[in-house]
Amino acid sequence: MTWYVILAGGLTLLLAAFLTGLPIFVAFLAINTAGILIVFGERGFGLIANSIFDSGTLVALSAIPLFILMGELLNRSGSVDLLFTSMDKLIGRVRGRQYVLTIFLSVIFGALSGAAMAVAAMMSRSLYPTMIARGYNPRLSMGAILAGASLAPIIPPSVLVIIIATLADISVAKLLIAGIVPGLILAAVFLIYIIVLVSLDPKLAPEEPGPRLKVTLLEKLVAVGQMVPFSIIIFLVIGLILLGIATPTESAATGVVGALIVSAINRRFSLKIAYEALGSAAFITSMIIVIVASSNMFGQLLAITGSTGQLVGFVNSLTADPYILLFLMMLIVFVLCMFIDQIAIMLIIVPIVKPIVTTLGFDPIWFWTLILINLTVGGITPPFGYTMFAFKGGAPEVPLSDIFASVWPFVALFILVMGLIVMFPALATFLPAKL
Amino acid sequence: MTTGLNARAILAPLLRAHDAVTTFAFELSKLCLVVIVFSFSYEVVARYFFAAPVWWANEVVSYALCVGVFLAMPEVTRRHGHVAVTVIPELLPPRYRNILLSCIQFVGFLACAAVAWMSLNQNISQYVREALIIAAVRPIPKVYISAWITFGFLSSALYFLRNLDWRVPAPSDGERDIRL
């Protein structure tokens with residue numbers, strides 16, 4: 001059987017299985033088992049069991065439960081609410097201040113949580129109703145919240161980065177750190193876009209009632225004081241990696257300890273909260289790692305049948321310009337993310353694209369940062385995007401069609417920043433090079 | 001009818017036992033998470049404050065991760081928590097959605113049972129060969145860790161089976177003309 005039949009057949013079957021509603025891990029297991037039966041017969045079954053064992057015992061993946069646990073502790077202890085009220089007091093009297101607050105909070109939440117869904121769900125319940133009550137434009141409000149929430153997987157810590165780096169076999173620390181500058185640039189671009197839009201059409205952000213915004217200097221100092229403990233967590237996660245003191249997995253564990261300390265400082269810690277956070281983290285971790293473990297064999301099968309190697313040769317013969325291939329790869333990921341879950345796409349794409357990246361001579365950190373941003377956008381591209389669904393969960397009265405319409409301008413801004421990173425690779429590679 | 005009731009009466013305690021094992025396993029998976037946090041935090045403190053790195057942190061974390069993930073897996077299956085793209089099933093009328101969901105549960109059962117069987121064969125082979133985890137500083141028998149993979153998939157297979165519902169609701173008037 002020729003390589004392209006195997007590759008196209010495998011991918012089509014897998015995507016079809018996803019669309020039927022099969023759990024993603026079951027779809028991978030079914031296709032992998034069928035593939036192994038065809039290639040090796042029954043004697044190949046041991047390979048499936050071994051690939052699950054290898055993925056399940058991968059130390060790098062232990063950062064996933066730790067990052068989730070850190071976010072859960074901060075969320076359940078109400079520490080995040082404190083951050084919200086403190087930041088609210090610090091932002092001055094600017095037109096469209098709720099939009100500005102959304103973006104600033106997103107950056108901070110991004111540095112404390114690795115999951116866009118969690119941030120979107122939280123802001124849809126807290127910020128969005130306030131924005132609507134104050135007469136802010138619903139579409140721009142939703143767009144700002146969804147775009148802001150999407151910064152979480154880009155700014156470290158990030159669960160997506162752990163999975164990408166593990167699958168692509170590159171430094172987790174470097175890929176984590178690579179997200180800092182693009183994440184901040186995205187936040188700045190969102191802010192500029194919103195400010196320009198509001199200045200062109202002031203109806204998008206009405207004048208807020210004065211007395212609510214009168215905050216004394218003392219109150220502002222207290223707000224700053226309340227935010228200081230959160231810098232402990234940011235230091236324990238990002239700082240320890242940058243200083244070379246801890247590996248990403250170790251820094252994730254110290255981040256959990258930091259979250260416990262912050263909750264205690266804010267007098268919001270209890271054993272009940274810790275117990276609930278553990279349960280939630282264990283549940284989500286199992287959900288994610290079972291998929292990763294079940295999919296591992298898919299990439300190996302493609303390699304064993306020679307499909308990946310042949311694809312690399314074919315791609316090289318297509319065009320001499322690697323940037324055309326880069327555009328095509330990004331386009332495929334972008335389109336697939338509109339319909340399929342990001343983790344599933346990642347598990348299919350990474351083993352196929354990895355050898356192509358090496359052959360084309362791209363800097364792996366730069367390339368996988370672009371893929372990371374692309375996958376993150378996948379969370380807000382209609383019709384299927386987990387981040388949008390998480391928002392809808394927090395604001396059930398909003399029609400999905402309105403949510404869909406709200407995100408497109410911000411998706412365009414994401415693409416713009418990706419273009420900037422393609423033109424100026426140092427934006428993604430400068431910081432990791434210092435490690 | 002009587003046979004059905006008898007079967008249900010016999011099965012009920014078994015199903016309760018299965019649920020109890022799942023709940024207990026999920027509690028243990030939380031403990032595994034605590035072990036991971038403690039091991040890595042201890043490692044960082046021991047290495048940088050006391051210049052005394054420990055040999056066991058990576059190994060313990062690796063084992064705790066695998067054991068914890070597969071101990072929690074049946075609970076995820078019980079709560080229908082696995083990630084799936086549900087757009088198409090949600091668009092279907094209830095009658096056809098029910099048929100599709102039953103098929104999904106059945107395929108889930110087959111896939112998990114097949115992997116449990118493959119993993120069990122590996123466990124037996126590892127036990128007989130006294131296979132060790134050779135990458136470890138102090139190797140331990142591989143079956144100590146891999147057995148939990150078998151547990152996770154076997155128990156999940158049983159939940160997929162338990163969630164099966166082949167009873168198809170009668171079509172409503174509005175659905176009669178719809179074809180799959």
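Predicted model: local features only at pLDDT ≥ 70, side-chain atom pairs only at ≥ 80, totals over all residues.

Colleague: Where is the place of Phe327(A) in chain A?

Modeller: Phe327(A) lies in helix H17, which covers residues 322-337 of chain A.

Colleague: Which residues form a nonpolar patch on the surface with Phe327(A)?

Modeller: Ile324(A), Leu328(A), Leu331(A), Val335(A) and Phe339(A) form the patch together with Phe327(A). Their accessible area together is about 540 Å².

Colleague: Let us turn to the whole chain. How many helices and how many strands are there in chain A?

Modeller: Chain A has 22 helices and zero strands.

Colleague: What radius of gyration does chain A have, and what would a compact globule have?

Modeller: The idea is to compare the chain with a globule of equal length. For 435 residues, a compact globule would have a radius of gyration near 22 Å; chain A has 22 Å, so the two agree. Along its principal axes, the C-alpha trace of chain A spans about 75 × 50 × 45 Å.

Colleague: What percentage of the residues in chain A is buried?

Modeller: Buried means under 20% relative accessible area. Of the 435 residues in chain A, 59% are buried. The accessible surface of chain A comes to about 16,000 Å², and carbon and sulfur atoms account for 71% of that surface.

Colleague: Which residues have the most contacts inside the largest nonpolar core?

Modeller: That core has 208 residues, and those with the most contacts inside it include Phe18(A), Trp368(A) and Phe70(B). Helix H15 of chain A, residues 271-304, gives the largest share of this core, with 17 residues. Leaving aside neighbours within four places in sequence, Phe70(B) is in contact with residues of both chains, among them Ile52(A), Val290(A), Trp148(B) and Phe153(B).

Colleague: Finally, the backbone. Which peptide bond is cis?

Modeller: Here one reads the angle omega. The bond from Pro156(A) to Pro157(A) is cis, with omega near 5°. Pro157(A) lies in the loop between helix H8 and helix H9 of chain A.

Colleague: What is the phi of Arg267(A), and is this residue buried or exposed?

Modeller: Arg267(A) is not a glycine, yet its phi is positive, at about 55°. Arg267(A) sits in the loop between helix H14 and H15 of chain A. With a relative accessible area of 78%, Arg267(A) is exposed.

Key:
Residues numbered from 1 in each chain as written. Chains lettered and ligands numbered in written order. Heavy atoms only, no water. Patch = residues over 30% accessible without salt bridge, like charges linked within 9 Å, V, L, I, M, F, W, Y side chains within 5 Å. Areas by Shrake-Rupley, 256 points an atom, 1.4 Å probe, with all protein chains shown as cover. Salt bridge = Lys/Arg side-chain N within 4 Å of Asp/Glu carboxyl O. Helix = DSSP H or I, 4+ residues; strand = E, 2+ residues; numbered from the N terminus. Rg over C-alpha atoms; globule rule 2.2 N^0.38 Å. Buried < 20%, exposed > 50% of the residue type's maximum accessible area, 1.4 Å probe, protein only. Core = buried A, V, L, I, M, F, W, Y, C linked by side-chain atoms within 4.5 Å. Contact = heavy atoms within 4.5 Å.
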